[in-house]
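Here are my notes on the model, point by point. Have the structure open while you read.

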Amino acid sequence: MRSVLPLSRRRFLGAVPVAAGASALALERAAGQGGGAVFGKSGLRILSERPVNAETLVADLDPRYTPNEKHFVRNNGGLPERALSGSLEGWSLRVDGEVGNPLNLSLDDLKARFENVSRALVLECAGNGRAAFQPGASGNQWWLGAVGCARYTGVRLRDVLNAAGVLDTAVYVAYYGEDPHLSGNPEEVPISRGVPLSKALDESTLLAWDMNGEPLPPHHGFPLRIVAPGFPASASGKWLSRLWVRDQVHDGPKMTGYSYRVPRYPVAPGTDVPEEDMEIIGPMPVKSIITRPETGVRHAGGGPLAIRGWAWAGDGPVNAVHLSADFGTTWLPCQLEEPENPFAWQRFEGSVAFDIPGHYELWARATDHQGRQQPMVVPGWNPRGYLNNAMHRIAVTAL
Amino acid sequence: MKRLHLVVAIALLPVAASAGPEERAIPALAVGQESDGRALIDENCLYCHDDSYIRSLNLPREEWEGVLDMMIGMGMPPLEPETQEKILDYLEEEHGPRESSPSPGAGTSADAQTEDLPWAFPRYRPNPLYWREP
């Protein structure tokens with residue numbers, strides 16, 4: 001049994017996850033994290049401070065590009081000292097494993113050697129919407145806001161992999177980052193996931209150093225992260241230090257067991273699913289969110305109420321969004337823009353007229369490029385509460 | 001141990017002071033009848049984490065056990081059986097399933113501005129097929 005450590009040591013350890021190495025600057029900034037605030041963030045709903053997990057309020061998802069200070073954060077370990085200091089000293093990206101030509105690249109190497117690209121890309125936590133599962137699932141109780149669309153600049157992961165010469169034996173690309181384990185034990189890795197080779201070679205999968213025109217903020221992976229849009233955001237490793245091209249499906253922390261996995265077959269709510277029947281989550285399902293108006297709006301004047309929001313899907317574009325103001329009895333089509341680039345979310349706009357004053361619910365339902373629609377109820381119960389893409393609903397009083 | 005509790009309490013104070021309504025809805029970690037269990041959570045859980053994760057959940061005992069297994073899988077040193085039982089006793093007592101969820105229904109906004117408008121949260125069960133009349 002672990003003994004109770006002297007207070008001084010415990011306090012020191014407590015500081016490690018926030019600021020390993022703990023420079024004066026880091027400690028000062030970390031101190032701000034203890035006050036119910038997250039460094040570099042504002043107005044988020046904080047689910048946990050250690051590790052930092054915080055989601056965006058629905059109204060703050062209205063801008064086309066989710067601002068850096070509003071974008072959700074899902075960390076598994078602490079913040080690396082480098083992310084707070086902004087120093088690149090001693091940093092490089094190693095690319096090894098099933099490659100003919102292992103690489104060791106500085107940030108300048110990446111910027112100079114490969115074509116720089118900018119893309120608007122959606123990242124969504126696989127557990128977004130977990131709070132609605134019944135019976136409840138352990139894990140962060142995300143509501144709607146573990147999603148965002150930011151504009152990232154970087155290089156295509158595939159260009160880097162091609163430079164390294166991926167061997168025929170390669171099947172998976174795993175990441176390792178500099179984030180310290182919460183225990184402070186340098187031997188432990190808080191998370192190391194990755195993507196199948198096909199996703200790594202997708203034209204839209206980036207190694208990004210810039211988010212909305214700024215260097216990656218501390219909580220978003222400075223100096224470099226993967227952005228593998230459409231997959232659970234946990235596949236998009238932050239504070240990147242190594243890419244390990246593997247000849248098998250990666251088995252790092254949070255790749256195995258029940259993490260980011262769902263049953264291979266539908267199960268009744270509450271089922272104890274054997275571990276071997278769980279499979280890794282791939283592309284996320286179609287989803288949408290109403291960003292204006294906010295739920296609870298009182299609509300006066302008798303004219304139509306303008307509705308807008310965003311729709312996205314994990315493996316291709318959204319083809320349609322419909323609104324219902326009568327619990328799904330009738331549906332009105334919305335205007336839907338084309339995505340700015342693959343994996344960018346798409347603006348939908350519609351308007352609803354209310355003939356009779358009273359209480360209404362507005363539902364939004366997106367349909368993806370294969371005709372798959374968002375479900376009305378929380379779909380497919382699974383042990384860890386992933387993949388809830390139920391329709392978003394807001395309440396409206398027509399005066 | 002008393003000083004340790006104080007440290008934890010101080011760490012939590014600012015959260016309570018600045019929290020929105022959804023944070024206020026989550027009560028502070030209770031001392032509980034089985035005070036051993038609460039102290040063991042200090043030693044074994046709050047060593048790495050803050051307590052918001054525990055406070056946000058109401059799970060049956062076997063699921064809390066699954067959470068402990070998950071944490072051990074993530075690098076937490078395994079617990080002595082007696083320690084684990086006391087922790088589970090506490091979690092079951094203080095953070096077991098509740099009859100009605102304090103949270104609003106599926107697909108609702110966590111927006112603070114609607115705090116005084118309870119009807120703004122669609123309230124019917126996310127999956128009514130699995131809801132049984134008491």
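**Notes on the two-chain model**

1. Chain A splits into domain 1 (73-256) and domain 2 (287-398), with bounds that come from an automatic or database domain assignment. Keep in mind that this is a predicted model: local features need pLDDT of at least 70, side-chain atom pairs count only at pLDDT 80 or more, and totals for chains, interfaces and linings use all residues. Residues are numbered from 1 along each chain as its sequence is written, while chains are lettered from A and ligands numbered from 1 in the order in which they are written.

2. How do the two domains meet? Taken over C-alpha atoms, the centres of domain 1 and domain 2 of chain A are 30 Å apart. Domain 1 of chain A puts 19 residues into the contact and domain 2 of chain A puts in 21 residues; two residues are in contact if their C-beta atoms, placed from the backbone, lie within 7 Å. On the domain 1 side, strand 6 (residues 116-124) of chain A gives the most, with four residues. Helices (H or I, at least four residues) and strands (E, at least two) are DSSP runs, numbered from the N terminus. That side of domain 1 of chain A has eleven nonpolar, six polar and two charged residues, where Ala, Val, Leu, Ile, Met, Phe, Trp, Tyr, Cys and Pro count as nonpolar, Asp, Glu, Lys and Arg as charged, and the others, Gly among them, as polar.

3. The largest nonpolar core has 109 residues, and A:L121, A:V122, A:L207, A:A311 and A:L362 touch the most other members. Domain 1 (73-256) and domain 2 (287-398) of chain A both supply residues to this core, so it lies between them. A core here is a set of buried Ala, Val, Leu, Ile, Met, Phe, Trp, Tyr and Cys residues joined through C-beta atoms within 7 Å. Buried means 20 or more other C-beta atoms within 10 Å of the residue's own, exposed means 12 or fewer, and partly exposed is in between, with C-beta atoms placed from the backbone. Beyond its neighbours within four places in sequence, A:L121 has contacts that include A:C149, A:Y152, A:V227 and A:F343. A second, separate core of ten residues includes B:L40, B:L57, B:I87 and B:L91.

4. Chain B has six helices and zero strands. Of its 134 residues, 28% are buried. Among chain B contacts with a separation of 6 or more, 71% are between residues 24 or more positions apart.

5. Strand 1 (residues 45-49) of chain A has five of its five residues buried. Strands 1 and 2 of chain A form a hairpin with two residues between them, and they pair in the antiparallel sense over four bridges; pairing requires that DSSP finds at least two bridges between the strands. A:R45 has A:E55 as its bridge partner in strand 2 of chain A.

6. Is A:E55 buried or exposed? A:E55 is buried, with 29 other C-beta atoms within 10 Å. The C-alpha atoms of A:E55 and A:G145 are 4.8 Å apart, although 90 residues separate them along the chain. Leaving out residues up to four places away in sequence, A:E55 also touches others, including A:F72, A:W142 and A:W143.

7. In helix 5 (residues 157-164) of chain A, the buried residues are A:L157, A:R158, A:V160, A:L161 and A:A164. Viewed down the helix axis they fall within an arc of 160°, so they line one face of helix 5 of chain A; the arc is that of the directions from the helix axis to the C-beta atoms. The elements they pack against include strand 7 (147-156) and helix 6 (197-200) of chain A. A:G165 follows helix 5 of chain A and has a positive phi, near 70°.

8. Some backbone spots to check. Most residues other than glycine have a negative phi, and most peptide bonds are trans. A cis peptide bond joins A:F222 and A:P223, with omega about 10°, and another joins A:R292 and A:P293, with omega about -5°. A:K254 is not a glycine but has a positive phi of about 75°; A:K254 is partly exposed, with 19 other C-beta atoms within 10 Å. A:F327 has a positive phi near 60° and is exposed, with 12 other C-beta atoms within 10 Å.
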